[in-house]
Amino acid sequence: MQKYLDKIICGDCIEVLGEIGEPFADLIFADPPFNIGYKYDKYDDNQKKENYIAWTKEWMSVCRKVLKPHGSFYIAIGDDYAANVRVIADELGLVMRNWIIWHYTFGQQTNDKFARSHTHIFYFVNDRSNFTFNDYAVRVPSDRQLLYNDKRANPAGKMPDDVWNTYSRVCGTFKERTGWHPCQMPESLLKRIISASSNPGDCVLDPFSGSGTTAAAAYQLSRHYIGIEISEQYVENSTRRLDELKNKKNDGQKSALNEIEEFKRLSIDMGKPLNEITENKNLIKIFANQFAVRMKNEKKYSEQDILMLSSKCRNFRD
Ligand SMILES: C[S@@+](CC[C@H](N)C(=O)[O-])C[C@H]1O[C@@H](n2cnc3c(N)ncnc32)[C@H](O)[C@@H]1O
């Protein structure tokens, strides 16, 4: 088991996880091919419906076997098979906590029907009363705070809704874009899931690692990761992605990284660019308060602190 830790393993996830066969994952994030004809390096994304459903059941079962008793299991899936995933999860005894819609606003254009602009993300747990959920790490300012200046607003902010619309798809022009994988997920989305449903030092598994987004997000949040990917080419490229991150982290940035990381994450989760926040005194105040909540209220942040962190953040951006 130890030999797989903090690596992207090349192989078929059903075989690799079948070999391990014992619970080790605190959190699993699975983003399988959706059977919609995407062009992958190795996998054929045009399977007969019944074969795809049988295969889904197989990989979900092996994932369930390696999930720790208190573990969480998130699955991203398209419209065509979301209902099947829900039914299989029931059969496996998984408990659904949320059926999240990721609304990514930048869908493929269509002429004869409405453009698809969402993905389903299921959030399951093994045990309905024993699981990790760090609400402080994902709370965001509420409309009462941001729009209505309402004194009744909870100063700790609110939980994000189950429709997520602050994470864009990774477009061709984004710095984050690797360029060699057809459906890279945004790191910010993975960071919300990882921050909420695991703790530093926990082990995060991605059985369909692709461009290595889950591993990259887990590493930046000080979690261990295991990625499994069937394409040698994707394994090679994503291992390089992780190596580059590790070199950066060793390059004098380590101590500041946690605060910077959380700072960036909060501005993305609020759907507001940093300059919009720093140009508005009221927003700075709300941001400072929410940031303190995310940092477990270990200290208070002044307007000056926020402005300083924001300029550091711009320097750390790449
Ligand atoms: C939708 S993509 C995942 C993208 C990933 N979330 C990211 O952000 O880059 C699915 C990936 O699963 C891989 N794959 C397909 N079948 C697999 C299997 N049996 N075991 C491991 N990986 C597999 C494909 O090569 C593809 O890279």
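**The ligand shell and its setting**

Analyst: α1 (13–20) and β8 (224–229) each supply at least two residues of the shell around the ligand. Helices (H or I, at least four residues) and strands (E, at least two) are DSSP runs numbered from the N terminus. The model is predicted, so local features need pLDDT of at least 70 and side-chain atom pairs count only at pLDDT 80 or more, while totals for chains, interfaces and linings use all residues. Residues are numbered from 1 along each chain as its sequence is written.

The shell has 23 residues, of which M185, F208, G210, S211 and T213 come nearest to the ligand; a residue is near if its C-beta atom, placed from the backbone, lies within 6 Å. By class, 13 of the shell residues are nonpolar, 6 polar and 4 charged, where Ala, Val, Leu, Ile, Met, Phe, Trp, Tyr, Cys and Pro count as nonpolar, Asp, Glu, Lys and Arg as charged, and the others, Gly among them, as polar.

Not counting residues up to four places away in sequence, C63 touches L17, I28, A30, F73 and P207, contact being C-beta atoms, placed from the backbone, within 7 Å.

Strand β4 (residues 95–103) pairs with β5 in the antiparallel sense over 8 bridges, and W99 stands opposite F122; pairing requires at least two DSSP bridges between two strands. In β5 (residues 118–125), 6 of the 8 residues are buried, so the strand is largely enclosed by the rest of the structure. Buried denotes 20 or more other C-beta atoms within 10 Å of a residue's own, exposed 12 or fewer, and partly exposed in between, with C-beta atoms placed from the backbone.

Overall, the chain comes to 10 helices and 8 strands. Buried residues make up 35% of its 318 residues. Of the contacts with a separation of 6 or more, 69% join residues 24 or more positions apart.

Technical notes. Contact = placed C-beta atoms within 7 Å.
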